[in-house]
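Colleague: I have not looked at this one before. Can you walk me through it?

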Amino acid sequence: MNRLLLGSALLLAAASSALAAEVPPAVLAPPFVTAGPKLVEPHLHIARSNVTGHARVALTFDACMGEADERILSTLVNERIPATIFVTARWLKRNPKAVAIFLQNPDLFELENHGEKHIPAVDTPVLVYGIAAAGSPDAVRQEVEGGAAAMVASGIPAPHWFRGSTAKYDLSAIGQIRAMGYRIAGYSVNGDGGSLLGAAITEKRISSAKDGDVVISHINQPTHAAGAGVARALVDLKAKGTEFVRLQDVADTGDDKTTE
Ligand SMILES: [Zn+2]
């Protein structure tokens, strides 16, 4: 390789890695991206209350796999705070006691579909945060239908909302899931950063929710610090006069054709 070409190649490589460190892959223009489907992480908002001092907020919790977080569950029940819980077939199987509490409090809990095996609803083979996506339209269908079947088998009403593992999708999977009759649940406030944030920052993020926000956090990581922050934020929001609603209770607006 001649010297000029080699120099250009090195410069390009350096620029490429500097960019990669600062810019999320989705906004990098070719030639910096590797081939793969365009993934979206849709937003969801609910209709505002427009009542000063009574912000309307929808709390949504993912129960991906693992256990139930009693810190959050007991606060929701004791404080009588309504919420929407997205459950997988895997989580349902391991947590019958928590499921029984949900079903005993139908005024509080709306249960919706988080899939069968907790694999991303993306219809081409790709890794999302290191998790292998469903990889085909048939596998996306199985993930959605398998989640719903497990819910109904557990005595839960048939779901109307779906949220996939990682909350990322490709547009064709969104179209497919919508055609199956579901609304797809994005969010507007990432409360706990996948349950990996500390308690103080989690509390701050959730208790800062504004009128019309949809908060996502997790109810399946009892050993993580984030859950303590979630529980405290619920009390903070209630003290502020927040109107808590479930997704089934209000009008909503989702982007990427997730609800229209
Ligand atoms: Zn999940």
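Modeller: One term to start with: two residues are in contact if their C-beta atoms, placed from the backbone, lie within 7 Å. Also keep in mind that this is a predicted model.

Colleague: Fine. Then which residues is Cys64 in contact with, leaving aside its neighbours within four places in sequence?

Modeller: Cys64 is in contact with Thr88, Trp91, His114, His118, Ser165, His218 and Asn220.

Colleague: And where is Cys64 found?

Modeller: Cys64 is in the loop between strand E3 (56-63) and helix H2 (70-78).

Colleague: Is Cys64 buried or exposed?

Modeller: Cys64 is buried, because 20 other C-beta atoms lie within 10 Å. The cut-off for buried is 20 or more.

Colleague: How far apart are Cys64 and Leu92?

Modeller: They are 28 residues apart in sequence, and 9.3 Å apart in space from C-alpha to C-alpha.

Colleague: Let me step back. What does the secondary structure come to?

Modeller: The chain has eight helices and 14 strands. Of its 260 residues, 44% are buried. Among contacts with a separation of 6 or more, 80% are between residues 24 or more positions apart.

Colleague: How many residues are in the largest nonpolar core?

Modeller: That core has 64 residues. Those with the most contacts inside it are Val57, Phe61, Ala63, Ile85, Val87, Ile177 and Val215.

Colleague: Take Val215. What does it touch?

Modeller: Not counting residues up to four places away in sequence, Val215 touches Val57, Leu59, Thr60, Tyr187, Val189, Gly191, Ile206 and Ala209.

Colleague: Ile85 and Val87 were in that core list too. Which faces of E4 do they and the other residues of the strand lie on?

Modeller: Ala83, Ile85 and Val87 are on one side of E4, and Thr84 and Phe86 are on the other. Both faces are covered, with all of these residues buried. In a regular strand the side chains alternate between the two faces of the sheet. For reference, E4 is residues 83-87, and five of its five residues are buried.

Colleague: In what sense do E3 and E4 pair?

Modeller: E3 and E4 pair in the parallel sense, over four bridges. Asp62 has Phe86 in E4 as its bridge partner. With H2, the two strands make a right-handed β-α-β unit.

Colleague: And how many bridges are there between E4 and strand E5?

Modeller: Five bridges, again in the parallel sense, with E5 being residues 109-113. Thr84 stands opposite Glu110, and Ile85 stands opposite Leu111.

Colleague: Why is E5 largely enclosed by the rest of the structure?

Modeller: Because five of the five residues of E5 are buried.

Colleague: On to helices. Which residues of H6 are buried?

Modeller: In helix H6 (residues 171-179) the buried residues are Ala173, Ile174 and Ile177. They lie on the same side of H6, because they cover an arc of only 105° around the axis. An α-helix has 3.6 residues a turn, so residues three or four places apart point the same way.

Colleague: What covers the buried residues of H6?

Modeller: The cover includes helix H5 (137-153), strand E8 (161-162), strand E9 (169-170) and strand E10 (183-184). Just after H6 comes Gly181, with a positive phi of about 100°.

Colleague: How far does H5 reach?

Modeller: H5 has 17 residues and reaches 24 Å from its first C-alpha to its last, close to the 24 Å expected at 1.5 Å a residue. Its buried residues are Ala139, Val140, Glu143, Val144, Gly147, Ala148, Ala150 and Met151. What covers them includes E4, helix H3 (89-94), E5, E8 and H6. Gly155 follows H5 and has a positive phi, near 85°.

Colleague: Where does Asn50 lie?

Modeller: Asn50 lies in the loop between strand E2 (44-46) and E3. Asn50 counts as exposed because it has 10 C-beta neighbours inside 10 Å.

Colleague: And the place of Lys257?

Modeller: Lys257 is in the segment after strand E14 (252-254). With 13 other C-beta atoms within 10 Å, Lys257 is partly exposed.

Notes
Residues numbered from 1 in each chain as written. Predicted model: local features only at pLDDT ≥ 70, side-chain atom pairs only at ≥ 80, totals over all residues. Buried ≥ 20, exposed ≤ 12 C-beta atoms within 10 Å, placed from the backbone. Core = buried A, V, L, I, M, F, W, Y, C linked by C-beta atoms within 7 Å. Pairing = 2+ DSSP bridges. Right-handed = clockwise from strand over helix to strand, strands pointing away. Arc of directions from axis to C-beta. Expected span 1.5 Å × (residues − 1).
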